[in-house]
Amino acid sequence: MRSRDGDLVGDARALGRMYRYLVDGLRLSWENAPYSVTEGWVIVELAQRDVTEVMELRRRIGMDPGYLSRVLARFQADRLIIRDRSPENRRLQTVRLTRRGRAAFEVIEDRMAEVLRARLGAFSESDRRRIVEAMTSISGAIERALGGRCAL
């Protein structure tokens with residue numbers, strides 16, 4: 001939706017609001033879940049790699065170091081993750097999901113997919129295809145501009 005005055009910032013903000021409406025399945029599907037939305041976000045991020053350096057995770061999601069440490073401590077107590085030292089640099093901590101953590105991720109993924117399917121179901125097949133193609137194009141442009149350092 002283009003603004004009448006061609007304001008790129010306003011257009012980008014409006015697109016962001018629409019995007020959040022469409023894909024904010026994590027928040028909306030989180031009722032009666034044992035973890036907060038933020039904790040779910042951390043689980044989703046950890047599931048993207050076999051092993052993640054904690055500093056890199058913090059950079060990717062932009063979370064306060066103390067808060068992330070408390071989240072990871074809870075996950076460790078719940079046996080969702082294993083923390084270790086990086087074999088390349090013993091000063092760096094790594095984290096990986098356990099089988100139990102992967103199972104929690106699968107529940108989150110299923111809930112988010114359900115919400116997204118419902119939201120996309122409001123559109124015709126051709127509009128769904130156009131929406132996803134446009135989102136893919138936007139994501140690619142952002143990734144190229146940031147050199148793959150996107151914290152999304």
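# Burial, pairing and packing in a predicted model

User: What makes helix H3 largely enclosed by the rest of the structure?

Analyst: Seven of the ten residues of helix H3 (residues 37-46) are buried, so the rest of the structure largely encloses this helix. Buried means under 20% relative accessible area, exposed over 50%, and partly exposed in between, with a 1.4 Å probe and protein chains only. The buried residues of H3 are Glu39, Gly40, Val42, Ile43, Val44, Glu45 and Leu46. This is a predicted model, in which local features need pLDDT of at least 70 and side-chain atom pairs count only at pLDDT 80 or more, whereas totals for chains, interfaces and linings use all residues. Residues are numbered from 1 along each chain as its sequence is written, and side-chain values use heavy atoms, with hydrogens and water left out.

User: Why is H3 called roughly perpendicular to helix H6?

Analyst: H3 and helix H6 (residues 99-120) pack at an angle of about 110°, with their axes 9 Å apart. That makes H3 roughly perpendicular to H6, because angles of 65 to 115 degrees count as such, those under 35 as roughly parallel, those over 145 as roughly antiparallel and the rest as oblique. The axes are lines fitted to C-alpha atoms, for helices over the stretch in contact, and angles run from 0 to 180 degrees between N-to-C directions.

User: Which residues meet where H3 packs on H6?

Analyst: From H3, Gly40, Ile43, Val44 and Leu46 meet Gly101, Arg102, Ala104, Phe105, Ile108 and Met112 of H6. Contact means heavy atoms within 4.5 Å.

User: How many helices and strands does the protein chain have, and what counts as each?

Analyst: The protein chain has seven helices and three strands. Helices are DSSP runs of H or I with at least four residues, strands are runs of E with at least two, and both are numbered from the N terminus. Along the sequence the pattern is α-α-α-β-α-α-β-β-α-α.

User: What makes S1 and S2 the edge strands of the sheet?

Analyst: The three strands form an open sheet in the order S1-S3-S2, with antiparallel pairing. Strand S1 (52-53) and strand S2 (81-85) are the edges, as each pairs on one side only. Helix H5 (residues 65-77) packs on this sheet, touching S2 and S3, and its direction makes about 120° with that of S2.

User: How do you know that S1 and S3 pair, and likewise S2 and S3?

Analyst: Two strands pair if DSSP finds at least two bridges between them. S1 and S3 have two bridges, and S2 and strand S3 (residues 93-97) have five; therefore both meet the criterion.

User: Why is Arg79 called exposed?

Analyst: The relative accessibility of Arg79 is 54%, so this residue counts as exposed. Arg79 is found in the loop between H5 and S2, and its phi is near 60°, a positive value in a residue other than glycine.

User: What makes the pair of Tyr35 and Phe75 edge-to-face?

Analyst: A search of the whole structure finds one aromatic pair. Tyr35 and Phe75 lie 5.6 Å centre to centre, with 85° between the planes. Rings of Phe, Tyr and Trp (its six-membered ring) pair if their centres lie within 6.5 Å; planes under 30 degrees apart count as stacked, over 60 as edge-to-face and the rest as tilted, so the pair is edge-to-face. Both Tyr35 and Phe75 are buried.
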